[in-house]
Amino acid sequence: MRDAVGIAAFAAAIVALTAWLESGVWLTFLMMTLYGALLAQSWNLLGGFGGQFSFGHALFFGTGAYVQAIAQVGHGANPWLALPLAVLAAAAVGAFVGALSFRYGLKGSYFALVTLAFAEVFRILALSVGFTGGGVGLMVPLREGAANMQFGSRKGYVLLVLGFVVAALAVTAWLRRSRFGARLQAVRDNEDAARAVGVDPFATKLGAIVLSGGFMGAAGAFYVQVFQYVDPAIAFGPHTSVEALVAAIVGGMGTLWGPLLGAFALHALADLTRNLFGQLPGLNMVIYGTVLVLIVMFVPRGLAGGGASVRDAWRSARRSAGHRDG
Amino acid sequence: MAEALLALSGVSKAFGGLKAVQDVSLAVPEGSLTGLIGPNGAGKTTLFALMSGFLRPDAGTVRFGGRDVTGLAPHLAARAGMTRTFQIVQPFAAQTVRENVAVGAHLHERRRTAALAAAESVCARVGLAAQLDKPAADLTVAGRKRLELARALATRPRLLLLDEVLAGLNPQEIAEMLPVVRGIAADGVTVLMIEHVMQAVMNLAAHVWVLAQGRLIAEGTPAEVTSDARVVEAYLGHGTAARLLARAGAAPAGQGAA
């Protein structure tokens with residue numbers, strides 16, 4: 001219930017902010033932050049709640065992006081109809097990779113390497129086959145209009161990605177208070193103990209990778225609608241995979257708001273360092289990297305987790321104060 | 001009498017050249033509280049793993065509730081009504097006691113609130129009521145043993161396989177745990193416990209099996225097996241039984257054995 005109120009308040013705040021903002025720079029910042037949050041949220045569903053660290057989430061992102069693009073370019077489909085296809089295709093790729101890796105009990109670094117390898121295989125495939133446009137990539141024709149999911153103003157895109165982010169928040173909140181979520185976290189914390197009390201780890205992890213893949217597919221479709229272009233490096237390159245997992249880890253794995261916080265912090269940091277030190281090429285990346293290292297060192301549970309530790313400390317301090325008073 | 005709740009026949013398991021369990025047959029009657037004892041490395045935990053599906057036997061069959069469950073995956077064994085605990089406790093460390101136990105309760109309960117409520121009542125049964133909202137990682141060893149027990153109990157098993165729930169506890173903690181285990185059995189759950197703490201098994205179990213070097217070497221009431229020469233030898237070394245007997249003959253009061 002509290003989660004639902006929080007999510008509704010967040011959505012209302014972003015809608016109000018979007019209506020109020022006029023600067024294209026800030027609207028783009030807001031859009032890219034929410035987009036980064038969506039990547040991190042979908043990684044968090046599998047990595048944060050399921051403990052399965054994927055290094056190749058671009059696999060699902062790229063699948064969604066290509067399906068969204070091919071459906072429009074190759075088959076003239078309306079983007080609103082292409083979107084569910086993109087989500088389903090990415091979820092199906094998730095099911096395929098999940099079935100293969102979890103069937104053989106791949107965990108930890110092995111699972112990470114398999115996802116990395118699959119993303120690379122898909123990148124090379126996208127370079128080599130015809131219907132992806134090969135290395136040239138695919139260009140989605142410009143047909144502005146809400147009916148074509150192409151908005152004249154950034155505001156439309158902000159609201160679209162906000163819809164995805166809110167859906168991901170709702171699914172994450174559901175994970176925290178459902179049987180499936182309890183089982184997923186049990187498998188993450190101790191697979192043998194979970195099996196002993198009747199949890200099927202294979203089915204549980206498979207469900208998580210399908211959900212995670214689906215949201216990543218939505219992010220890929222969104223990318224295509226915004227930039228109207230996709231090529232194999234954008235779709236399946238490591239950049240998206242890294243962005244998804246870094247924001248989730250910095251923000252706090254296995255938390256509801258962590259991925260959002262992480263995406264916001266990283267985008268703010270990246271923009272800030274670029275603006276401050278843009279004339280000294282490379283320096284912004286050095287600072288960005290240093291701050292990342294500091295966060296991982298000093299807030300290992302992530303920004304949301306760090307907040308939770310502060311809250312716990314505050315509560316226990318108040319409780320002991322209460323004991324003294326009473 | 002009807003078929004035993006759990007029946008092993010000719011179960012064997014080897015790891016490379018090491019024959020961990022050899023040709024073990026035993027039958028656990030429904031509603032009983034029984035024990036499996038044996039010296040270190042006798043294969044007790046391996047035998048539990050074979051019963052509960054964590055390991056597949058090389059030979060032999062495991063029947064549970066009249067059904068062949070040999071090599072059935074652990075989660076399916078748990079669904080069938082057989083739940084094990086672990087000697088080395090395996091909490092979901094990041095979660096609270098209540099959440100830990102709710103994972104077990106979810107086996108038969110889809111709704112989250114109902115599972116959390118069930119977890120609460122199970123915790124009360126094993127004496128964890130005061131620690132419901134503590135993270136599992138913050139529990140003492142005794143607390144973790146109780147948690148292990150509560151989580152298994154929350155699956156509402158017909159047969160509970162307890163792997164050394166008393167090991168590592170001090171005498172007072174053991175004394176507190178014994179009535180908990182007895183209470184579970186009194187509620188109609190069949191309990192088979194592996195135990196190292198001999199005195200505890202002697203107090204609790206009506207029937208014990210003794211495993212040594214992977215083989216069953218004796219079975220019977222606790223009094224019977226402790227006076228069995230093979231059991232004494234397995235625990236205390238070759239020739240000990242004869243020496244003890246000789247000493248008991250010399251000093252008329254036969255005290256001090258085992």
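**Exercise 1. Helix α7 of chain A**

Determine how many residues of helix α7 (residues 179-189) of chain A are buried, and which elements cover them.

*Solution.* Begin with the criterion: a residue is buried if 20 or more other C-beta atoms lie within 10 Å of its own, exposed if 12 or fewer, and partly exposed in between, with C-beta atoms placed from the backbone. Helices (H or I, at least four residues) and strands (E, at least two) are DSSP runs, numbered from the N terminus. In this predicted model, local features need pLDDT of at least 70 and side-chain atom pairs count only at pLDDT 80 or more, whereas totals for chains, interfaces and linings use all residues. Residues are numbered from 1 along each chain as its sequence is written, and chains are lettered from A and ligands numbered from 1 in the order in which they are written.

Applied to α7(A), the criterion finds 9 of the 11 residues buried, so the helix is largely enclosed by the rest of the structure. The buried residues are Gly181(A), Ala182(A), Arg183(A), Leu184(A), Gln185(A), Ala186(A), Val187(A), Arg188(A) and Asp189(A). For the cover, count two residues as in contact if their C-beta atoms, placed from the backbone, lie within 7 Å. The covering elements include α6 (154-176), α8 (191-196) and α9 (201-227) of chain A, together with α3 of chain B.

**Exercise 2. The fold of chain A as a whole**

Compare the radius of gyration of chain A with the value for a compact globule, and describe the chain's burial and contacts.

*Solution.* The radius of gyration is taken over C-alpha atoms, and the globule rule is 2.2 Å times the number of residues to the power 0.38. For 326 residues a compact globule would have a radius near 20 Å, and because chain A has 20 Å, the two agree. Along the principal axes, the C-alpha atoms of chain A fill a box of roughly 70 × 50 × 40 Å. Next comes composition: chain A has 14 helices and 2 strands, and buried residues make up 48% of its 326 residues. Finally, of the contacts in chain A between residues at least 6 apart in sequence, 77% join residues at least 24 apart.

**Exercise 3. The side of chain B that touches chain A**

Which elements of chain B give two or more residues to the side that touches chain A, and how do the residues of that side divide by type?

*Solution.* In the complex, to which the predictor gives an ipTM of 0.87 and a pTM of 0.88, 25 residues of chain B are in contact with 18 residues of chain A. The elements of chain B that give two or more residues to this side are α2 (74-80), β6 (82-84), α3 (97-105), α4 (112-126) and α5 (141-153). For the division by type, Ala, Val, Leu, Ile, Met, Phe, Trp, Tyr, Cys and Pro count as nonpolar, Asp, Glu, Lys and Arg as charged, and the others, Gly among them, as polar. The side of chain B that touches chain A then holds 11 nonpolar, 8 polar and 6 charged residues.

**Exercise 4. Met177 of chain B**

Is Met177(B) buried or exposed, and with which residues is it in contact once its neighbours within four places in sequence are left aside?

*Solution.* Met177(B) lies in helix α6 (residues 171-186) of chain B. Because Met177(B) has 22 C-beta neighbours inside 10 Å, it counts as buried. Leaving aside neighbours within four places in sequence, Met177(B) is in contact with Val165(B), Leu166(B) and Leu169(B). The C-alpha atoms of Met177(B) and Ala200(B), 23 residues apart along the chain, are separated by 9.7 Å.
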